[in-house]
Amino acid sequence: MSNKLYHGAAYYPELWNEEAIENDINLMIEAGINVIRMGEFAWSIIEKEEGKIDVSFFNSMINKLSNHGIETIMCTPTPTPPIWLTHNHPERMYVDADGRVMGHGSRQHVCTNNAYFRERAAIITEEIAKSVGNLPGVIGWQIDNEFKCHVSECMCTTCKTLWHEWLEKRYGTIDELNEAWGTHIWSQHYHQFDQVPQPHPAPFLHNSSLKTMYQLFSYEKIAEFSDEQAAIIRKHSQAPITHNSTTFFHVDNERLYENLDFASFDTYAEQNNFASYLFNCDLWRNFKKGKDFWIMETSPSYSASLENYAVPHPNGYLKAEAVAAYALGAEAFCYWLWRQQRTGCEQPHGSVISAWGKPTVGFENVMEVEKARKEIESVILSTKPIQAEVAITYSDIAKAFIKTEPHKGLDYRSLMIDYYEKILSIGYHRDLIPEQANLNGYKLLFTPFVHYLSPNYISQAEKFVEEGGIWIVGPLSGGRTINHTIHTDAALGELDQLAGVETLFTYPMDGTESIGEFMETSATLGIWSSVFQPKEGKSVGIIKNGLSAGKAFLTENRRGKGKIVMLGSLPIGEQGDFLLKKCFNHYAEEANVTLKTDVSKGTIVAPRQGNGYLVWIIVNMDGMGGTFTLPYDGIDELSNEYISNRECEIEPFQYKIIRFTND
Amino acid sequence: MSNKLYHGAAYYPELWNEEAIENDINLMIEAGINVIRMGEFAWSIIEKEEGKIDVSFFNSMINKLSNHGIETIMCTPTPTPPIWLTHNHPERMYVDADGRVMGHGSRQHVCTNNAYFRERAAIITEEIAKSVGNLPGVIGWQIDNEFKCHVSECMCTTCKTLWHEWLEKRYGTIDELNEAWGTHIWSQHYHQFDQVPQPHPAPFLHNSSLKTMYQLFSYEKIAEFSDEQAAIIRKHSQAPITHNSTTFFHVDNERLYENLDFASFDTYAEQNNFASYLFNCDLWRNFKKGKDFWIMETSPSYSASLENYAVPHPNGYLKAEAVAAYALGAEAFCYWLWRQQRTGCEQPHGSVISAWGKPTVGFENVMEVEKARKEIESVILSTKPIQAEVAITYSDIAKAFIKTEPHKGLDYRSLMIDYYEKILSIGYHRDLIPEQANLNGYKLLFTPFVHYLSPNYISQAEKFVEEGGIWIVGPLSGGRTINHTIHTDAALGELDQLAGVETLFTYPMDGTESIGEFMETSATLGIWSSVFQPKEGKSVGIIKNGLSAGKAFLTENRRGKGKIVMLGSLPIGEQGDFLLKKCFNHYAEEANVTLKTDVSKGTIVAPRQGNGYLVWIIVNMDGMGGTFTLPYDGIDELSNEYISNRECEIEPFQYKIIRFTND
Amino acid sequence: MSNKLYHGAAYYPELWNEEAIENDINLMIEAGINVIRMGEFAWSIIEKEEGKIDVSFFNSMINKLSNHGIETIMCTPTPTPPIWLTHNHPERMYVDADGRVMGHGSRQHVCTNNAYFRERAAIITEEIAKSVGNLPGVIGWQIDNEFKCHVSECMCTTCKTLWHEWLEKRYGTIDELNEAWGTHIWSQHYHQFDQVPQPHPAPFLHNSSLKTMYQLFSYEKIAEFSDEQAAIIRKHSQAPITHNSTTFFHVDNERLYENLDFASFDTYAEQNNFASYLFNCDLWRNFKKGKDFWIMETSPSYSASLENYAVPHPNGYLKAEAVAAYALGAEAFCYWLWRQQRTGCEQPHGSVISAWGKPTVGFENVMEVEKARKEIESVILSTKPIQAEVAITYSDIAKAFIKTEPHKGLDYRSLMIDYYEKILSIGYHRDLIPEQANLNGYKLLFTPFVHYLSPNYISQAEKFVEEGGIWIVGPLSGGRTINHTIHTDAALGELDQLAGVETLFTYPMDGTESIGEFMETSATLGIWSSVFQPKEGKSVGIIKNGLSAGKAFLTENRRGKGKIVMLGSLPIGEQGDFLLKKCFNHYAEEANVTLKTDVSKGTIVAPRQGNGYLVWIIVNMDGMGGTFTLPYDGIDELSNEYISNRECEIEPFQYKIIRFTND
């Protein structure tokens, strides 16, 4: 892609007449829209009747936009197969966990593993790629749209067959599977792979191995579809390829992006949940490390459907979002959607332009974004995000484990955002990194909520520690094997030894009145917990009361130049927050983490590195205004003022750019 | 029907032996019951085996009751087809939205569109009509019972075929439908009518057009069944025909009553919800304007089934209900049920007589009703409800639109009753009128929560305004087309121009801290809202704070001799109530509404017109007693006292009849 | 069984290797485990391939345990049929109320009425019995495991046929059924038994008779399966047979134990719900009167699965539980489970030993239990529970009636435990007795929440009264017939006459502001209530306010030497508790109940009879400590101190044994 910041929108010109399109393009120019995403639901337009494929509408449209200086992300239209593919073909449709077969009329209604679907998807994608793949207006591709957002694991008979093949490939022999899953429990034992059920209705819970493996199978299959589609496009186009995902969907994002060219996400967080928004930025920056990410969809004001709506953003927040995203590594900030839907089920969704062609309540905010984009573009393009010193591992495989075993309503995403928010609010510059990420450059690594720690992950972390890093593991990490079973050597497997502890007990602490104490701070302990007896390691957090009084919930163990810190439980409530932040600060200091900013809650600093200088982009996200303290003298790039190192103020939703004179 | 007030009950003599029936009739006479409704579930009694029809039991029963001075509403027994019609015939059964096929054993288990059901229903109805249609005891008919109370839209294959025919009739060509519904969205596009799905399970929401049209199709089909049955009865009986409906059921009441002779409803509102009870009276009076309505079912004390029960009425309330109903236009006040069920699933339901043949806890209250009926009968029969000046449009089509698009849990019925309660509690005499009602005689018209305003409705309302009426439109009115899509000319289509405004934005105001201000009163604005920029019209209510500060949520526009008032949002909470009532009073005054009574909350006045004089029937509904102020001197018809124009007191659940000396 | 107290655990050696088993046995010996329950899920181990049965693993295991002094309860493995029985045989699987067919992979997935299942179950049980039935280590049998814990009534076609046969056997002719169920209601009327539906999906509720009878049919069928299995075992083994049940499962425990040799239950109540724990002890003691019961499963600390967990027991509580159980008539106190599951869906469940072979957080508590067992064993073995004077009827048939007719969310179990807790907390020694229990020896009988009172029950109770007992009937008792219909002679049938009252009305009192007054105590009345007019009886509790002011909710009627007390309503809230306890005390005193102890709330006394002396075992259950008052001087058997009759203290979770010097 070109060397600029993109400001874009999703657009459905196939649903509007020429006059509306003309009006739209004029308003796009007015609003500073320089990129449009198109085509992801347009299968019935391009191939109205089976085999009669005509991409000319989009070919012209791309050129028309290009002539107005607007570039295009072209999509493949596979999330919405047309009626000729679905009608009278229940065997091609998605089947849910209750065995209900989906019908035509919404989206993702077809099983993406169905062979005929795959055949037709390959054909239409190839035709589209051939037709527009080399148009100068096409700067990128999006495959399909929000994989697995409305559906999760399909239970159709195609999937049944593929499941059996997948199991055979994974386990080799049925005996191996029986042993791995411990299937003599409840007489589940299988003689052949084709006997292994999908997790269909049962009187009580399925085997954890089966539940987790079926999720991983589904993860792999949707990624394979993505790979297959990407390969087809690459035959006819040089433009980079992405997929618009989120942490909500039932995909393994790390695996998904493996064979894609850049990462992008969709987000509809309300303003009061801005930590979730920043979480996405800090994570997506790291799926394709070194390449800018895209925000492919966000609302100019609020998300909605026939059956729900969100609170609209307060004025000014959209601009704060956009600046924060660009500062944290986004190349593009794009709306869903440009023009309000006239029909369907998302008419109430916020847009830039109304169905009757006029600016919506969000339009002025879009104009503010464009103004900001212009103001910050040169700074952004001449710098890049500084390597963080603090990393938190994010894993969609961990998400699958917790979906299988939620203990008592746990949700991986919520757990992670809460955890992340603590680190964010202390003021650390941070990365959320996928499981297989390189740990070079980090000083402090957090690994919470990862039931299964792979040998590779552990050895990477061990090396990180030996070279001087501090690794904070837990809560809920390490207690499950690759097959979602329990270790038989030690509670946390090899981690026990590495951490220099014996994990005595694991049990739920909620309701047991257990109190954790760390450096004179106390807090109630909750969720499923591990209780430690230090061996080579030492206890740094002691449990008072409850069933394990005197034992440790927090230990540290020196290894090489670094330390492994085991966090066995979750301190909860306001006091728990306080204790955790104290703990994180303590180890950050010990790890010599320097990228921490003294900033008031609700305001963030995104530090960026120029050629020989440092830039801070400061954004107020909570709409309350706040303060930040400059560590050295700097120049306010927007006002060109010189500012000495002191506490400065920032207005609600304001952003500032400070260039430090001495780096 | 004869010139009297009816006091009746539903009765199932087919379930009891002769001795019990004798006992029942004696107690009916004691309680003053003068009409009985029978037969609605008796199909298996009349046609125990297929084709062997014998109506003699009911024929005799009608005569026996008649001999005791008790008249009969005879029912057709179609809600409960017998086992010979259902057993081993899943294709005749109702299918729910999840695809579950109903079995025998409850009621409404058969699809009313099934051809064989229709055939058998026609036969049994004809035989019943032949047998009893001319008996002197039969004063009326009820078709079936509570259409669509336990079921809504059927998903069976019969319905699928009829749906396709209905669509073809409505749209002519599939291209027309595709265009109207905008089906290229999400590649829904159809080539033939027989591809259009029923709204079966799908990964996400169906197209709004499909969802709403399927409801309208279902509305039409059940009304056609009613029409068909009525035509059969009319071949053999002169007695007028009704159906007992409510606003809960999945029917279009206005359409349903089109081909029936009088309107009736069932109500089981608890005493603390008496506004809902009055709502029904004010609405049902207008389905067959000029004809008295019937309360066909209400509990003498409480409703119940095996799985639920309501709070029993406090003593005295039943009488208040009956007097209010008669005063507001009811000809009959009938209980469900006379004698407690011995078997089935409604044994716990309140009744007049217990299963063991004794008076229930409700019996004394029934006796009070009879006493009151006698006391007020001559006044009621010599007067009729005065034409209201204030009308509120009620529309089951609007209900269907909101069922498709509830935004965030909105329920049409609840919205309407809340809105109505404001007008009721101010003291206006009011009508709830169906969409196609004649607007003559009204001065103030309210049209809230009608997403789609038909051209006919708009032109009627426009005429009403030009002749001097004030039309208060909104909230939530006018923003959708006939196909449940968005207008493309203006936010509210032609309404914008009529109202002299430009509707700038529509969006959800909840959580945006928007404040509405009208005549120095402020209140928080909520729900999905329209924001206006007056053109010819003028702003009378301004928005403070939020995203549209300075714009209008309330405008007025003079047109002819009247005004169109646009209410774009819903002021909420206690302050919102206050603001709305202030607004309603303001425009009522401007419209010269005079039928307003100064009455304390919880007490109502029903004004009736005699030949040259006015009568007020005053009823305390909340059991707290209260006051009312006489505008002129009058005579208390019950005590024969002369009362000067002053504030008077009323006891808990008491009623009074005041005849004004000077009209 | 032998003359000792058992301390046991469930064990799954088939899932572990030899080394783990050796380790387990050593730890069992350390923990004092003297009995192991095995085999209930091991079908796939014993009969891996259809027809190839090999019991040798368990045969050896039993001998190995026996060699270490550990005895065995052997189980039949029928709750988990293996894959060769289920794969590709949907017709053998359990079908739920929504028609969903279960698949392999959990437990109870097969319909226990399926003929092929029965055939294979008979074969495997016979082979197991043959192989191990006479081993010296086998001291007892458990059939299957927790019948109907995850499933309730099956809707498969096998059950359909059996249902029709069962109905024919019960009613003889279809006319009899039609009359009994009153099927002309809603035209349900059947011509043949094979038309009677299972209670499948319907638009509204099914006939109460059908719903209740289908439950009784299901009760009977599972008991027949148990009978059949027991008979097979008895051909090859002298060891007594049980089944581990609870009050949660969908079984008729009284019927189930009819053909079994001893009763046992599973319990996972949290500590704060200890009344529920004691409820089970007081009930299971009476299913096989005169024989000690077993606690077959309880957690050493907490129950859990992948999707839930309970609060772990505080330290000390497990010992209190064990002592209370032994004191109240248990012969065994057994854990589920010995060693934490490595796989499956219950890995998080509390155990004695972890999956990695180490003591869990519960282990020390298990050691305390063993210490206590040894301390009390001789006292327990030389005494037995004293015959209680107070009895409360427990009925799973009543549970079925309330499941059909829950009024407003009523749950029989919760109602009963609340009621029981009042009697417990007053300090009465009490029995919970099945419906057909002999009433000899009791002085005060409570019969709450039994909708249908059988003629046999009434005549037993009548005799009990005539001989001097006081019978407190209600609330909710007596108002339904054997077919779950309403009486037609009197509200409560023959009970009215017996109680010397006319039950005037029955209706829900919630929300009616009815107040009950008894001996100067007042409380709000709630739930479905009966209102009495005394005839020969007299009113002792009067209703104030509400709809039946001045009538009685509580009456008594002398009959022979005793009294029938009718309790028509439920006094609720704290005042209701107070009133009920006053009432219970009043009649206990009148009935000359002497087995009442003056003990503080949270502490219990279990009185036991030795040969010429009395022993009290006192246990603090709430962990708060408390007091108890000795009525005479005694000896503290643990300290050997002499204690004069006075108030004594007891520590949290402490137990004491007092032997009274003069009995």
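How do the axes of helix α11 (residues 317-327) of chain C and helix α12 (residues 363-381) of chain C cross, and within what distance do they come? They cross at roughly 25° and come within 8 Å. The structure is a predicted model, in which local features need pLDDT of at least 70, side-chain atom pairs count only at pLDDT 80 or more, and totals for chains, interfaces and linings use all residues. Residues are numbered from 1 along each chain as its sequence is written, while chains are lettered from A and ligands numbered from 1 in the order in which they are written.

Helices (H or I, at least four residues) and strands (E, at least two) are DSSP runs, numbered from the N terminus. An axis is a line fitted to C-alpha atoms, for helices over the stretch in contact, and angles run from 0 to 180 degrees between N-to-C directions. The angle of roughly 25° therefore makes α11(C) roughly parallel to α12(C); angles under 35 degrees count as roughly parallel, over 145 as roughly antiparallel, 65 to 115 as roughly perpendicular and the rest as oblique. The crossing of α11(C) past α12(C) is right-handed, a crossing being right-handed if the near helix is turned clockwise from the far one by less than a right angle, and left-handed if anticlockwise.

The residues that meet can also be named. From α11(C) they are L318(C), K319(C), A322(C), V323(C), Y326(C) and A327(C), and their partners in α12(C) include V366(C), V369(C) and I376(C). Two residues are in contact if their C-beta atoms, placed from the backbone, lie within 7 Å. By class, this contact of α11(C) with α12(C) holds 10 nonpolar, one polar and three charged residues. Here Ala, Val, Leu, Ile, Met, Phe, Trp, Tyr, Cys and Pro count as nonpolar, Asp, Glu, Lys and Arg as charged, and the others, Gly among them, as polar.

Helix α5 (residues 115-132) and helix α8 (residues 208-234) of chain B pack at an angle of about 30°, with their axes 8 Å apart, so α5(B) is roughly parallel to α8(B). The crossing of α5(B) past α8(B) is right-handed. On α5(B) the contact is made by A121(B), A122(B), T125(B), E126(B) and A129(B), and on α8(B) by E228(B), Q229(B), I232(B) and I233(B). Five of these residues are nonpolar, two polar and two charged.

The final topic is the relation between chains. Chain C can be laid on chain A with an RMSD of 0.1 Å by a turn of 120° and a shift of 0.0 Å along the axis, with copies superposed by least squares on the C-alpha atoms of residues with pLDDT of at least 70 in both. That is the relation of a three-fold axis. The contact between these two chains takes 50 residues from chain C and 45 residues from chain A. On the side of chain C that touches chain A, the largest share, three residues, comes from α2(C). That side divides into 23 nonpolar, 21 polar and six charged residues.
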